[in-house]
Amino acid sequence: MYQPTITSQMPPGWQGAPFDGHFVMLTPRWDSAKYLRNSTGAGKPENRGGASFAYLATLHYSTKAGAPERAVAQHIKKAFTKPDDTKPFMTVKHVMGQTPEEALHRLQLDTKRRTANWKASVKQCKRYWGDNYTQGGLRECDEYPFQSTYEGAAVHDYDPDAKKFNFSVQPLAKADNGAAGNLLNGFYTKNRLIDGPDDGFMVKVD
């Protein structure tokens, strides 16, 4: 860990006490996950991987007019603020990802569980909107928490302590759903979020 020694003194005319001591810097974590950038080092194994600082990242979605992910952002906002209006119905629904204590975690390596999340969400879309919820391929079943998280729609099948139906689904325009997915994948890459419980993240809707 890099811990510099800093000495500072206020310039003439300014008030304030001088400082002489150590600054504690955030410790970076190094990884060479195959699904993140520079996993091979461009042919130089000693250069493979990258670093990220240990902080809780936040994914931002916008409900403003013109935002390509607007419909998805509105869906998530409803799940946060009016969970009783979302499907599937459950009493006292409270979806994850709103606070640091209830962070989401990336699910990348277990493709079977990702598929289970997708199947569980599609099952509910069909249950509430019928088999033709896609309207001929124009819409997709948007789910929150995301299919690519451990907190996804099938979490109860893997964690008996997790509440069943503690998620939200809604058929949304394919373009909006795709735009939101692109933002999510870019967020994973830029923040070097790795699979598992070590990296948590939150979602904020503006």
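This is a predicted model: local features need pLDDT of at least 70, side-chain atom pairs count only at pLDDT 80 or more; totals for chains, interfaces and linings use all residues.
**Entry 1: salt bridges**

I started at Arg29 and found its side chain meeting that of Asp31 in a salt bridge, 3.8 Å from N to O. With a cut-off of 4 Å for nitrogen to carboxyl oxygen, the pair still counts as a salt bridge.

Next I asked how exposed the two partners are. Arg29 comes out as partly exposed, because its relative accessibility is 24%. Asp31 has 12%, so I put it down as buried, the cut-off for that being under 20%.

Then I looked for other partners of Arg29. Its side chain also meets that of Asp199 in a salt bridge, with 2.7 Å from N to O. I placed Asp199 in the loop between helix 4 (174-190) and strand 9 (200-205), and Arg29 in strand 3 (residues 28-31), so this pair ties together parts that are 170 residues apart in sequence. Asp199 is buried, at 11% relative accessibility.

I turned to Asp31 again and found Arg192 there, the closest N and O atoms of this salt bridge being 2.8 Å apart. Arg192 lies in the loop between helix 4 and strand 9, while Asp31 is in strand 3, so here the pair joins parts 161 residues apart in sequence. I checked burial for this pair too: both Arg192 and Asp31 are buried.

How many salt bridges does the structure hold? I get three. Put together, Arg29, Asp31, Arg192 and Asp199 are linked in a network of salt bridges.

**Entry 2: the sheet and its helices**

I followed the pairing of strand 5 with strand 9: it is parallel and runs over five bridges.

Is Ala175 buried or exposed? I count it as exposed, because its relative accessibility is 60%. I also took the distance from Ala175 to Tyr150: these residues are 25 apart along the chain, and their C-alpha atoms are separated by 25 Å.

**Entry 3: the disulfide**

Last, I searched for disulfides and found one in the structure. It joins Cys125 to Cys141, with 2.0 Å from S to S. The link of Cys125 and Cys141 is right-handed, with 85° about the S-S bond. I placed Cys125 in helix 2 (residues 111-129) and Cys141 in strand 7 (residues 139-144), so the pair ties together parts that are 16 residues apart in sequence.

What about the burial of the two cysteines? Cys125 counts as buried, at 0% relative accessibility. Cys141 has 8% and counts as buried as well.

Technical notes:
Residues are numbered from 1 along each chain as its sequence is written. Side-chain values use heavy atoms; hydrogens and water are left out. Buried means under 20% relative accessible area, exposed over 50%, partly exposed in between (1.4 Å probe, protein chains only). Helices (H or I, at least four residues) and strands (E, at least two) are DSSP runs, numbered from the N terminus. Two strands pair if DSSP finds at least two bridges between them. A disulfide is a pair of cysteine sulfur atoms within 2.5 Å.
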